[in-house]
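Subject: Structure for you to look at

Hello,

Here is the structure I said I would pass on. Please look at it first, then read the notes below it.

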Amino acid sequence: MRFAVFASLFLSLLTVVSAQDKPKSTPASGLDKARMEAYVRHLLAVIPEVQVKIDDPKPSSAPDLLQVEVHFTYQGHSQDETFLMTKDGQHIVRGVAYNLNQNPFQEDLEKLKVATAPSFGPATAPVTLVEFGDFECPNCREEAKTLRDNVPKDFATQVHVYFLDFPLEQIHPWAKAAAIAGRCMYRQSLPAFWKYHDWIYDHQAEINPENLKTQVLDFAKTVTDVDALQLGRCIDTKATEGEVDASIAEGRSLHVDATPTVFLNGRRLVGNYPWQNITQIINGELNYQKTAQTAPKSDDKCCEIKIPSALDK
């Protein structure tokens with residue numbers, strides 16, 4: 001069998017409608033959007049205040065299944081779910097279809113655009129680690145320290161780390177402003193960005209929306225390769241907001257909804273992973289690349305945006 005479909009939580013069978021109760025005309029795919037919305041609302045216990053939008057079916061990586069994106073919106077928050085559906089519209093799978101002839105992380109790898117992102121490590125490294133982070137997120141602070149302290153020491157030539165901004169504005173009031181300031185630092189120099197990155201996480205508890213700019217400019221005076229006046233203008237005009245917004249959009253296209261979220265050679269890791277676990281995954285990637293023809297748990301997510309459901313605890 002060329003394709004293996006792994007359901008992340010379940011295989012849901014939509015009840016076959018009897019001939020006498022057969023619904024009126026449906027699209028060629030067999031998808032009845034109203035029926036699917038009611039089914040998904042019941043399945044996930046979605047509260048009535050949440051808006052649900054169901055996209056038209058599109059081809060998936062499995063030839064016998066269609067892909068349907070479902071979008072949930074509530075008070076400015078958004079969350080997406082991917083379902084696979086049989087062409088008659090009677091069976092759906094909440095999960096991912098994998099092509100055994102391709103890298104299992106290929107779809108996400110194609111969406112990761114890191115050419116303009118700040119990074120450290122050799123460009124030729126066999127392992128790429130992309131972190132979506134939020135400067136106000138406590139778990140991001142711990143993950144940042146883990147990566148900054150250990151990657152250069154243990155995998156100096158084997159891992160290249162990129163940082164992409166994903167400020168969770170709904171719960172972190174100064175996160176986006178800090179991301180904009182960080183990108184202003186990056187415009188002046190890459191070393192200045194990483195000094196800022198380390199400093200802001202170290203001083204996270206001391207920062208608030210009112211003192212962020214003053215704190216950043218005071219810090220900039222201690223960095224030899226930063227022009228504080230130029231930095232102040234960049235922050236005041238939000239000159240780098242477009243770059244931050246592009247990073248956020250990239251994260252959303254990857255269904256990122258919690259920080260930190262890391263993609264290690266495309267493998268999604270959500271939450272603050274201990275270095276021991278990350279080391280095992282990196283070594284697994286290195287060993288896999290030596291033997292494979294083609295390349296291819298933590299619940300501790302302090303910073304997450306979820307659509308409300310009665311199933312939430």
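Helix α5 (residues 190-202) lies across β7, β8 and β9, and runs at about 70 degrees to β9. Helices (H or I, at least four residues) and strands (E, at least two) are DSSP runs, numbered from the N terminus. Axes are lines fitted to C-alpha atoms, for helices over the stretch in contact, and angles run from 0 to 180 degrees between N-to-C directions. Contact means heavy atoms within 4.5 Å.

The model is predicted: local features need pLDDT of at least 70, side-chain atom pairs count only at pLDDT 80 or more, and totals for chains, interfaces and linings use all residues. Residues are numbered from 1 along each chain as its sequence is written, and side-chain values use heavy atoms, with hydrogens and water left out.

The sheet

The order of the five strands in this open sheet is β7-β9-β8-β11-β12, and the pairing is mixed. Two strands pair if DSSP finds at least two bridges between them. At the edges are β7 (119-120) and β12 (267-270), each pairing on one side only. β7 is antiparallel to strand β9 (residues 159-165), with two bridges between them, and S119 stands opposite Y162 of β9. Helix α3 (residues 138-154) also packs on the sheet, where it touches β7, β8 (127-133), β9 and β11 (261-264). The direction of α3 makes about 155 degrees with that of β8.

Helix α4 (residues 175-188) and helix α7 (residues 228-236) have axes that come within 9 Å and cross at roughly 140 degrees. That makes α4 oblique to α7 (under 35 degrees counts as roughly parallel, over 145 as roughly antiparallel, 65 to 115 as roughly perpendicular, and the rest as oblique). On the α4 side the contact is made by A181, C184, M185 and Q188, and on the α7 side by Q230, L231, C234 and I235.

Also in helix α4 is I180. Is I180 buried or exposed? I180 counts as buried because its relative accessibility is 5% (buried means under 20% relative accessible area, exposed over 50%, partly exposed in between, with a 1.4 Å probe and protein chains only). Leaving aside neighbours within four places in sequence, I180 is in contact with K238, T240, E241 and V244.

Backbone details

T259 and P260 are joined by a cis peptide bond, with omega about -5 degrees. P260 is in the loop between β10 (258-259) and β11. A45 is not a glycine, yet has a positive phi of about 55 degrees. H255, also not a glycine, has a positive phi of about 65 degrees.

Regards
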